[in-house]
Amino acid sequence: MPLAVSGPSASAAVTGKGVGPLLRAWRERRRISQLELALRADSSARHISFVETGRSRPSEEMVLRLAEQLEVPVRERNALLLAAGYAPRYPETPLDDPALDALRDGMERLIRGYEPYPALVVDAGYTVVAANRGIAMLLEGVPEHLLAPAPNAMRLTLHPEGLAPRIRNLREWRGHLLAQMEREIALHRSDRLRALYEEVAAYPVAQEPPGGEPAEPVPYFALPLRIEHAGRVLSFVSSISTFNTPMDVTVAELAIETFLPADPATAKYLHTLVG
């Protein structure tokens, strides 16, 4: 399914002071010196220092160049531009807008083509915007109030009425998901994401079902999601993909998560279900 910040958006809090403090905060977060940033951005350490202290106003091109070198998310690049007195560069197109028809169609084709293995698409708040039949299989029996409207992947996974009771390595998988959310919060500084984190982190953690380990331990190459389905324990490892060089906030915040069988028995079982 792709967090540590408090209060309102940090960028919003600093915007009133100009772009300099925002850029300095991003540079320090990336642990890059002024000299290193200057070399990357074809500038000088003196100019970077003047920009950060407000003694010099960077051009629009310089703001974008620095943001690129600091790997600032697209939404936050708009915040930097606004703080510097420029118009936002990146639109935020609703996902149901006709302009994104090709994108939606492509994502649907991609996750359908991944069947019988599970795959889904989530936005920056982990709201599920598309899912294939492999995901539907795992969600069999989950109560309706968790499934609609706009189901949330973190809530579905960690809620005590969701998948949590079926996950054989819940404590490990829960720790992995919470750490993932903490990284995203540190990157995007989202109040919405922080509220979701606090909600799911407060869910009670049930005792994991006994007897979950296979007779012959499998040498997993990544932390698996071990989940029960129809009396069998299936094992998956997940992979998350995002779009390269997105020019739209909505597109930049989409993530496609695919679940690859982590052992031959899981792969065989899934193919049996469809064949």
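Biologist: In this predicted model, which helix holds Asn 78?

Modeller: Asn 78 lies in helix H6.

Biologist: Why is Asn 78 called buried?

Modeller: Its relative accessible area is 9%. Buried means under 20%, and Asn 78 at 9% is therefore buried.

Biologist: What makes the pair formed by the side chain of Asn 78 and the backbone nitrogen of Arg 89 a polar contact?

Modeller: The backbone nitrogen of Arg 89 lies 3.0 Å from a polar atom of the Asn 78 side chain. The cut-off for a pair of N or O atoms is 3.5 Å, with one atom able to donate a hydrogen and the other to accept it. Beyond four places away in sequence, Asn 78 touches Pro 88, Arg 89, Tyr 90 and Val 249.

Biologist: What describes the packing of helix H2 with helix H6?

Modeller: Helix H2 (residues 19-30) and helix H6 (residues 74-83) pack at about 145°, and their axes are 8 Å apart. From H2, Val 19, Leu 22, Leu 23 and Trp 26 make the contact; from H6, Glu 76, Ala 79, Leu 80 and Ala 83 do. By class, this contact has 7 nonpolar residues, 1 charged residue and no polar ones.

Biologist: Which element of the protein chain has the lowest mean pLDDT, and which the highest?

Modeller: Helix H1 (residues 10-15) has the lowest, 40, and strand S1 (residues 119-122) the highest, 98. Over residues 1-16 the pLDDT is below 50, although this stretch has 47 contacts in the model beyond near neighbours in sequence. Where pLDDT is low, the predicted coordinates should not be read in detail. For the protein chain, the mean pLDDT is 89, and 88% of residues reach 70 or more.

How values were computed: Residues numbered from 1 in each chain as written. Predicted model: local features only at pLDDT ≥ 70, side-chain atom pairs only at ≥ 80, totals over all residues. Heavy atoms only, no water. Axes fitted to C-alpha atoms, helices over the stretch in contact; angles between N-to-C directions. Helix = DSSP H or I, 4+ residues; strand = E, 2+ residues; numbered from the N terminus. Contact = heavy atoms within 4.5 Å. Nonpolar A, V, L, I, M, F, W, Y, C, P; charged D, E, K, R; others polar. pLDDT = per-residue confidence, 0-100. Buried < 20%, exposed > 50% of the residue type's maximum accessible area, 1.4 Å probe, protein only.
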